[in-house]
Amino acid sequence: MSDCLFCKIVAGEIPSKKVYEDELCYAFYDIDPQAPTHFLVIPKAHIRSVSQVDQTNAAVVGHIFSVIARLSKELGLESYRVVSNIGDQAGQSVLHLHFHVLSGRDMTWPPG
Ligand code: AMP
Ligand code: ZN
């Protein structure tokens with residue numbers, strides 16, 4: 001999608017600090033980290049949020065979770081949190097599906 005920030009990052013039009021890339025997904029460090037380790041994993045194809053996941057595109061979500069598991073092992077993360085915000089009230093600021101991976105500090109529950 002031409003006016004989407006994360007589509008522009010996938011296309012290399014906006015710089016990012018890459019963690020991992022394959023044909024289906026892209027992982028990069030968050031520009032405003034909320035934990036000592038904070039990266040995002042996104043599908044290369046534009047999907048607005050979890051609310052737009054259906055039978056036609058769900059495979060990429062499973063793939064992303066396998067990538068998160070592998071990257072977390074490679075980065076030595078023993079404990080981490082995976083978060084996806086959906087909609088305004090939950091705090092979604094970029095309307096391209098993304099999974100935050102946060103690690104390296106104590107976390108509280110419930111989240112704020
Ligand atoms: P959310 O608020 O859940 O939609 O998450 C969007 C995330 O994207 C926020 O944590 C931002 O800090 C992050 N973000 C915004 N712009 C960039 C960028 N250019 N590079 C890396 N992360 C970004
Ligand atoms: Zn997009």
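Predicted model: local features only at pLDDT ≥ 70, side-chain atom pairs only at ≥ 80, totals over all residues.
View 1. Of the 16 residues around ligand 1, Asp30, Asn85, Ser93, His98 and His100 come nearest; a residue is near if one of its heavy atoms lies within 4 Å. Residues are numbered from 1 along each chain as its sequence is written, while chains are lettered from A and ligands numbered from 1 in the order in which they are written. Local features need pLDDT of at least 70, side-chain atom pairs count only at pLDDT 80 or more, and totals for chains, interfaces and linings use all residues, with side-chain values taken from heavy atoms, leaving out hydrogens and water.

**View 2. Now zoom in on the polar contacts of ligand 1 (pairs of N or O atoms within 3.5 Å).** A polar side-chain atom of Asp30 lies 2.5 Å from an oxygen atom of ligand 1. For the side chain of Asn85, an N or O atom is 2.8 Å from a ligand oxygen. Taken alone, ligand 1 exposes 500 Å², and the protein buries 84% of that (Shrake-Rupley method, 1.4 Å probe).

**View 3. Which helix gives the most to the shell around ligand 1?** That's H1, with three residues. Helix H1 (5-10) and strand S2 (25-29) each supply at least two; helices (H or I, at least four residues) and strands (E, at least two) are DSSP runs, numbered from the N terminus.

**View 4. Ligand 1 sits in the largest pocket, meaning that more than half of its atoms lie within 2 Å of the pocket's grid points.** A pocket is an open set of points on a 1 Å grid over the protein atoms alone, with protein on both sides within 12 Å along at least five of seven lines; lining residues have an atom within 4 Å of a point. Its lining has 33 residues, with Asp30, Gln34, His38, Asn85 and His100 nearest the centre.

Methods: Polar contact = N/O pair within 3.5 Å; in protein donor to acceptor, adjacent residues only side chain to side chain. 1 Å grid on protein atoms, 1.4 Å probe; cavity = no way out; pocket = protein on both sides within 12 Å on 5 of 7 lines; lining within 4 Å.
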